[in-house]
Amino acid sequence: TCDSPVSGVIQNLLDGILTGAVISLGAIGLTMVMHMLRFANFAYSELLAIGAYAALVFDGVLAALAPALATAFKPTTVSASLALATLLAMTITGASAVVVDWLIFRRIRAKADALSMVFASFGVALIIRNAITLAFGHNAQLFSQDIAFATVLSTDPVILIKADQVFVLVAALALMAIFHIVLTRTAFGFALRAVAENPTLAQVAGVRLSTMIVAVWLIGGGLSAAAGVFYTLTNHLSPALGHNFLLPVFAATIVGGIGSVYGAVLGGFLVGVASSLSLAVLPSGYVPAMPFLIILAVLLLRLHGLFGEDQA
């Protein structure tokens, strides 16, 4: 009974929800950028890697300067230094996204079409990935060397969960809730939603598009950095992190509907859960194909995604 199929399905479902939370955070910023700037940014998922490595560096520096901050909050492996490092990493990653847009994408969209920006994004992704590899090497790294023991939630069927996984899910949902409040309760949120829904009309109403573009990059970069840190808390960190999340994040954005923040959140959970549940019936080598299958299935039923609208 301990190794029953039901046990595996439930465990995969829990893992899928956790992965879906990470994907959703990454997809929120991407859906706004794609809708506002009208191009598919294939360098966007690299923000997860930038954020995770930035947090790794800040965590080490803060722990060295104040060793007391490195003490983990049991039963998790999260420490005060890592929490502060994550906030710093969110800021740095958001700022780096703004800088990349200012140095590269802004210049290209002023002189060329969206297709040129797509090709440029491939180049930016390669530059970021290889720069991270040059700085940190190919070897996998961890935030903490402490062993995180799983808690047995059930013995029949067997269901295991780690304290770090609970922390990641709660923290990710909290960030989404905060962003929801900003979107629905503040003037800035109203302006951001107006730009996401109709950039041209928002400009006519007095919203400065350039300011909103900077804000979207800052928000998207910050949320993606948090997603990278949260994923690394329960897995290992490598320069391929952004590349590995490229398809899931894009799938969540397309499935939810480009321009829909709530669609991106739902799409992230759908992709995460579907990919994890597929492990119960498919060899692990086929799992990367799941985002493609989900995109095809949703677009066959609804061309513009679950919450998307025709922008023609």
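This is a predicted model: local features need pLDDT of at least 70, side-chain atom pairs count only at pLDDT 80 or more; totals for chains, interfaces and linings use all residues.
**Helices and a few residues**

Trainee: Where is Leu-277 placed, and what is Leu-277 in contact with, leaving aside its neighbours within four places in sequence?

Mentor: Leu-277 has its place in helix H10, and once its neighbours within four places in sequence are set aside, Leu-277 is in contact with Val-9, Asn-12 and Leu-13. Leu-277 and Ala-64 are 213 residues apart along the chain, and their C-alpha atoms are separated by 41 Å.

Trainee: Staying with H10, at what angle do H9 and H10 pack?

Mentor: The angle between H9 and H10 is about 125°, and their axes are 7 Å apart.

Trainee: What packs against H9 and H10?

Mentor: The buried residues of H11 pack against both helix H9 (241-256) and helix H10 (261-277). In H11 the buried residues include Met-290, Pro-291, Ile-294, Ile-295 and Val-298. These residues lie on the same side of H11, because they cover an arc of only 135° around the axis. Leu-296 and Leu-300, on the other side of H11, are exposed.

Trainee: What span should H11 have, and how far apart are its end C-alpha atoms?

Mentor: Helix H11 has twelve residues (290-301), which at 1.5 Å a residue should span 16 Å, and its end C-alpha atoms are 17 Å apart, so the two values agree. For helix H5, the 23 residues from 163-185 should span 33 Å at 1.5 Å a residue, and there the end C-alpha atoms are 32 Å apart, which also agrees.

Trainee: New topic: how do the axes of H2 and H3 cross?

Mentor: The axes of helix H2 (residues 46-65) and helix H3 (residues 80-111) cross at roughly 140° and come within 7 Å. An angle over 145 would count as roughly antiparallel, so H2 and H3 are oblique to each other. H2 passes H3 in a right-handed crossing, and among the residues that meet are Leu-47, Ile-50 and Phe-58 in H2 with Leu-82, Leu-88 and Ile-92 in H3.

Trainee: What kind of peptide bond joins Lys-74 and Pro-75?

Mentor: Lys-74 and Pro-75 are joined by a cis peptide bond, with omega about 5°, and Pro-75 is found in the loop between H2 and H3.

Trainee: And what is the phi of Arg-38?

Mentor: Arg-38 has a positive phi of about 60°, although it is not a glycine. Arg-38 has its place in the loop between helix H1 (5-37) and H2, and with a relative accessibility of 42% Arg-38 counts as partly exposed.

Notes. Residues are numbered from 1 along each chain as its sequence is written. Side-chain values use heavy atoms; hydrogens and water are left out. Helices (H or I, at least four residues) and strands (E, at least two) are DSSP runs, numbered from the N terminus. The expected span of a helix is 1.5 Å times one less than its number of residues. Buried means under 20% relative accessible area, exposed over 50%, partly exposed in between (1.4 Å probe, protein chains only). The arc is that of the directions from the helix axis to the C-beta atoms. Contact means heavy atoms within 4.5 Å. Axes are lines fitted to C-alpha atoms, for helices over the stretch in contact, and angles run from 0 to 180 degrees between N-to-C directions. Angles under 35 degrees count as roughly parallel, over 145 as roughly antiparallel, 65 to 115 as roughly perpendicular and the rest as oblique. A crossing is left-handed if the near helix is turned anticlockwise from the far one by less than a right angle, and right-handed if clockwise.
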